[in-house]
Amino acid sequence: MAEAISEATKAPAFDMTSSNPSVVEDFDLLIVGTPVEGFNPAKETTEFLERLPKTEGKKAIIFCTCALWKGRTFGTMKKKLSSKGYDTILSTSKKMKKDTPADFSESINQIQKALEK
Ligand SMILES: Cc1cc2nc3c(=O)[nH]c(=O)nc-3n(C[C@H](O)[C@H](O)[C@H](O)COP(=O)(O)O)c2cc1C
């Protein structure tokens, strides 16, 4: 999903398991996503958000993939981002179905509309 968003928006993509969180300082907007694990963001995502440098007045868009139910995923991400100075302007999710090619067009449309605004 991250790769599809990156391609559609021409925004560079970074793997948060191997990137220094300070990379976000080069950008005005953060688009950050996660698979849902145990109704929450994956551990790697939570750790990345905790290590983000503090900022002021930057915007974030959050996304997730899940099998069934995302539970507290967006709430947890918004809270962590807010504590770092980010205002989350859009959250968008995609339910993944086994053996079905993923279609992210709905989320990508939502993101493109938010970016136009
Ligand atoms: C350890 C683990 C916990 C998961 N917990 C949830 C969950 O709480 N809710 C949910 O909808 N999906 C859950 N999933 C499914 C993942 O969100 C899903 O595999 C992921 O979004 C990627 O989709 P894919 O496996 O079809 O590529 C879990 C997967 C794993 C491996």
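Reader: Why does Phe-104 count as partly exposed?

Author: In this predicted model, Phe-104 has 19 C-beta neighbours inside 10 Å. A residue is buried if 20 or more other C-beta atoms lie within 10 Å of its own, exposed if 12 or fewer, and partly exposed in between. Phe-104 therefore counts as partly exposed.

Reader: Where is Phe-104 found, and which residues does Phe-104 touch?

Author: Phe-104 lies in the loop between strand E4 (86–95) and H4. Leaving aside residues up to four places away in sequence, Phe-104 touches Met-1, Ala-4 and Lys-94. The C-alpha atoms of Phe-104 and Met-1 are separated by 6.6 Å, although these residues are 103 residues apart along the chain.

Reader: What makes H1 oblique to H4?

Author: Helix H1 (residues 2–9) packs with helix H4 (residues 105–116) at an angle of about 45°, and their axes are 10 Å apart. That angle makes H1 oblique to H4, since angles under 35 degrees count as roughly parallel and those of 65 to 115 as roughly perpendicular. The crossing of H1 and H4 is right-handed.

Reader: Which residues of H1 and H4 meet, and how many of them are nonpolar, polar or charged?

Author: From H1, Ala-4, Ile-5, Ala-8 and Thr-9 meet Ile-108, Ile-111, Gln-112 and Leu-115 of H4. The contact of H1 with H4 has 6 nonpolar and 2 polar residues, with no charged ones.

Reader: How do you know that the buried residues of H2 line one face of the helix?

Author: The buried residues of helix H2 (residues 43–51) are Thr-45, Phe-48 and Leu-49. Seen down the axis of H2, these fall within an arc of 95°, so they line one face of the helix. Lys-43, Glu-50 and Arg-51, on the other side of H2, are exposed.

Reader: Against which elements do the buried residues of H2 pack?

Author: The buried residues of H2 pack against strand E1 (29–37), strand E2 (40–41) and helix H3 (73–83).

Reader: Why are H2 and H3 called roughly parallel to each other?

Author: The axes of H2 and H3 cross at roughly 15° and come within 9 Å. Angles under 35 degrees count as roughly parallel, and H2 and H3 are therefore roughly parallel to each other. Their crossing is left-handed.

Reader: Which residues make the contact of H2 and H3, and how do they divide into nonpolar, polar and charged?

Author: Thr-46, Leu-49 and Glu-50 of H2 make the contact with Met-77, Lys-80 and Leu-81 of H3. The residues of this contact divide into 3 nonpolar, 1 polar and 2 charged.

Definitions and conventions: Residues numbered from 1 in each chain as written. Predicted model: local features only at pLDDT ≥ 70, side-chain atom pairs only at ≥ 80, totals over all residues. Axes fitted to C-alpha atoms, helices over the stretch in contact; angles between N-to-C directions. Helix = DSSP H or I, 4+ residues; strand = E, 2+ residues; numbered from the N terminus. Parallel < 35°, antiparallel > 145°, perpendicular 65-115°, else oblique. Left-handed = near helix turned anticlockwise from the far one by under 90°. Contact = placed C-beta atoms within 7 Å. Nonpolar A, V, L, I, M, F, W, Y, C, P; charged D, E, K, R; others polar. Arc of directions from axis to C-beta.
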